[in-house]
Amino acid sequence: MSRQRLKQNIGYLAGGAVALFFFLAPLCRLVLMSLTTDQGFGFENYGALLAESRTLRAIGNTVIIAVASTLIAVVLGSVMAFLVAYTDVAHKKWMEILTLAPFVIPSYIITLSWSTLLSARGSLNQFLDSVLGFKVNIYSLGGIILVLGICNAPVVYLNVLPFLRKIPRDLEWAARVCGRSLWQTVRCIDLTQAAPAVASGGMLAFLAAIDNFSVPAFLGIPAGIPVLSTYIYENVIGFGPSAFRSAAALSVLLSAIALGGTALQGLLVKRSSGMESIREDFSVRVPLGRGRRPVQWAALGFLALVNIFPLLTTITSSFFPAYGTKTLANFTLENYQFVFTNRGIRQAFLNSALLAAATCCICILAGTALAYRKVRRRCPASRLVEQSASLTYAIPGIVLALAMIFHWTMVPGVYGTIWILLIAYITRYLVLQIKSSTNALLALDVSLEEAAALFGSGRLRAWRQIILPLTLKPILSGTFLIFMQSLTELTLSSMLAAAGTKTIGLSIFSLQQGGDYQRAAAVSAVVIGAVALVYGLSALIPLVKKLKKRAPKSDPAQPDPHLAPAL
Amino acid sequence: MSVTIKNVTKAYGDTRALDNVSVEIADGEFIAILGPSGCGKTTLLRTICGFVQPTSGTVEVDGKLFSSDKVQVPVEQRGLGMVFQSFALWPHMTVRQNIEFPLKSRRNRALHPQQRRQAVDAAMASTGLEKLQDRLPGELSGGQRQRVALARAIVEKPALLLMDEPLSALDAELKISMRKEIQDIHKLTGASIVYVTHDQSEALAMADRIIIMKEGRIEQVGTPEEIYYRPKTLFAATFVSKCNLVRGRWEGDCFWADAAGQNQPFARGPVEGCFREAGVCPVRPEEFTMTRIGMGLEGRVVNRQWGGREIHYKVECGGELFTVYAGLFDNYSEGDRVVLQRREAAREIAI
C-alpha cells in the first residue's frame, strides 16, 4: 500500500469515527434507551406510553397543530411570494423584510409578544369583550396554531419565491400565444409548476412545527395542552432519570414523524427540479393595474399588524410595571435596570454570545473543510459526516437534547458544563455550514483551481487568492444563519443548561414561566434590538462597498461588477 | 395573412428599440428579420405578437388594427403560432399535452374532441413525433424539442407563424437539417412566416424576403439575391455578404482605389449612393481574384485557412486586412506577395 493510500485510509477512518462518536452514537443511545426495560430489551416502554391517554392526546395535538399551522404558513408564505415575485406592487423590499421578520426574531419572543397583545387583561381583549362580547384566549390550541403558522410562513416564502422567479418567462409567453389570458396562464403554467415547491415548503413548515418547542412551551404548558416536544420536556424535567426510558420512546416516535417528513420533502424537491432556468427573473409578470395600490397596502398593513404590531406592544409593555395602567405617569425603566444589573441575565447574554461565536468558528472551519473534501475529493468519510449531521438536524431539537444527555453523561466533565451546550450546538447546526459551503464550492468551477495550480500557486495561495475571495459570501451566509440561531437558541439549552450556563432564550423562558412578563419583555426588547442591529449592519455592508466603489471613478483594477460576486 | 407595420416606434426612455419601422408582409410570405443582437429584431417580433405595445405607429393584420399606442389586442386573441428560441415547452406536460394545449383554449372551444385529436395527430405526423407523444420534454433531445415546439405552433393552422431564433439553441449539424423541416412546414401550411435570426446564412437559405435591421431601424428590405448582390448600405454589405470595403474615390461609374495603381480603375459599375459618399467599394470575399503579378491592390498574405472547398486568405494591403476566398488551385503561402483585383464578371452574371 502506498503512503498516499495509507494517509487516505487513515483519513476515512478518522472521519468515520467522528461521525460515529459525535453524531450517530447519541442517537443510538436514545434508541437503545427507549428499548431498555427492567428485564432487558423490549417494546414495553412504547406499550406503556401508548396505553396512556395523555400520550395519545399529545400525539393528537402535535398532528393537529402541525397540520393546521402548516396550512396558515403555506397560504401566507405563498401569497407573499407570489406578490413579491410576480406583481408590480411597490415597496417590495419592505414587504420582504416584514414577511421575514418572524424568521429572524426567535419564535419565543414572537409567542411572548402575542401573549402580551392578547393577554386576558390587555386592551385588545378588553376592547373585544366590550364590543363583541368575547375574549381571545391565546393560551389555547388555536393560539398555538396561529403563532406557529405565522412563525413558519417565512420558511414557505423562502422556498417558493426563488422557484417562482426561476420559471422561464417564455413558458408564459408560449401559453399566451396559445390563447390563454394572463390569469389563465398564471394558473395553468406558473402555479402548476410551482406546486412541488409550495408542497416542499409546506413540508418544511410542517417539520418546523413538529420541531418547535418554544411556542407550545410558552402557550401550551400553562394551559395544560401537551404536544410531543413539551411532553418530553415536562417528563424529563419533572421526573428526572426515572422518566428517561419513556421520554426516549416518545422521542423515537417524534423522530419517526420528522424523518418521514424529511424523506417526503426530499422527494418533492427532486420532483420539482425540472427544467426551470438557473437565473432568477425579477421582471413584473402580473401587472395588477388598478388593483395595485389596494393590494399593496392591504398586504403591508396585514404584515405590519401580524408581524410587527405584537412586537411593538411587547416593547411598549416593557416600559411599564406589571400592574397599573399604561400612562406616561407609570413609565419606568425599572425592567431594563433589572436586565442590565441582574447577574444571571448578564451571564446569560455572555453565555449565548460566547456559544454562538464558538459554534460559528468551529462550524465554518470544519464545515468548509468537509465540504471541500466532499466536493473536490469525493471523500466518502465527509459524506458520512454530512449525512450523520443532517440526521441530527432533521430530528427535533428536544430529541437531540435528550440524546445528548444520554451520550455525554458517559464522558466525565461535559454534562452540566458549558461544553455540553457547545457540542450540542455544533452537532445540531454543522450541517447548515456543510450545505452552504458545498453550494459555494459547487458554484466555483474546478478549472479555476486547476488554473491556479497550473500557474504555480500552492494550496495555501490558491485558497487565499482564488477560493476564498470567490466563495466567502455564500459560505458566510450559512455561518450567519448558525450565529443567529445559536445566539437565540432555546430548545437545546432548556434541557442541557445548568445553573451557571443559562442562555438568553432560557432566561426569557424562565421569566415568562414565572409570570414575570414585563421583565421577559424587556429582555426580548434587548434581543430584538440586537437582532435588528446585526441585520442592519449586514445590510449596510453592500451599501458601504457601493460608496467605496463610486469614489474612485474609473479604476482599471476594478473587476467587472457582473463577473465578481457582489459582496 | 398579411401584416402591415406602419411607422412603428418603441421607446424605452431615451433609447429607441424600434425607430419608425414600416414594412408589409404578404400572405404566405416567408420573411426573415436579420440583424445583430440588440438591433430590435426581437422587439419587432414581440410587437407583432402583442407582448410589446408600440409607442407610436400601427400594426395591422389583414386590415384589422392589432396594435397602436391606444389599441392593443391581447396576445391570446391574435391567433398566431410562435416558436421560441428556448422552445418554451412546459416541462410538466407530455409531448401530446404540449401540442394539444393551443386547441384547448377559449378560441377553439367549438372544436369537437375528435377534431382536436385529429389535429394533434396531424401536427405530430408532419413533424415525426408519433412515437414520442407520451414523453416529457425533459426526456427529449434538442432536435426533438424543436419539433415539438414546431408542432405546437402549427397545430391550430395559424395563418401567421412567428419564429424567434428557433435554431440558435441547436448544434451546427442539426441547424442545417432543421432548415429543411421549417421550409417543409412553410410549404405544407402556406402560412406567412416571420423569422427572426442573427445568422445570415439561415435568412439567405430560407426567406422569400429579408429585413436587415440595425439599431432599431430597417437598413434594407429585399430578396436574398438583392441583399446579397446589391446591398444598399455599408452595414448590409458587411453584415450579410461579408463585403470588404476598399477605400478610394468614385468618379462616375469608375472607382479608383487608393492602394492600387492609378492607370486603370479598380472597379466599374453602378453603385449605391452611400458607397460613393463613404468613398468605398464593396467587394465580396469571393469577388476578389488573387494573382502574383498584375494591376490592382498589392498586398501580402498574412493568414491562410484551408477549407476543403476553398481557401480563405487574409491579405494585408496598405494597412488594411481583406478577406479573400480563393479556389484550391492557386495555392499561396503566408508571406507571399499578391495582387488583388475585382472580378467584374461574377457580378454581371449573377444579376
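Helices (H or I, at least four residues) and strands (E, at least two) are DSSP runs, numbered from the N terminus. This is a predicted model, in which local features need pLDDT of at least 70, side-chain atom pairs count only at pLDDT 80 or more, and totals for chains, interfaces and linings use all residues. Residues are numbered from 1 along each chain as its sequence is written, while chains are lettered from A and ligands numbered from 1 in the order in which they are written.

**View 1. Helix 15 of chain A and the residue that follows.** Helix 15 (residues 343-377) of chain A has 35 residues. From first C-alpha to last, helix 15 of chain A reaches 49 Å, close to the 51 Å expected at 1.5 Å a residue (1.5 Å times one less than the number of residues). Look just after helix 15 of chain A for R378(A), with a positive phi of about 50 degrees.

**View 2. The open sheet of chain B.** Four strands run in the order 2-1-4-5 with antiparallel pairing (two strands pair if DSSP finds at least two bridges between them). Strand 2 (15-25) and strand 5 (64-67) of chain B stand at the edges, each with a single partner strand, so one side of each lacks a neighbour in the sheet. Strand 4 (residues 56-61) and strand 5 of chain B pair over three bridges, and V61(B) has K64(B) as its bridge partner in strand 5.

**View 3. Where the chains touch.** The contact takes 16 residues from chain A and 21 residues from chain B (C-beta atoms, placed from the backbone, within 7 Å). On the side of chain A that touches chain B, helix 8 (169-177) and helix 9 (182-211) of chain A each give two or more residues. Helix 8 of chain A gives the most, with six residues.

Terms used: Two residues are in contact if their C-beta atoms, placed from the backbone, lie within 7 Å.
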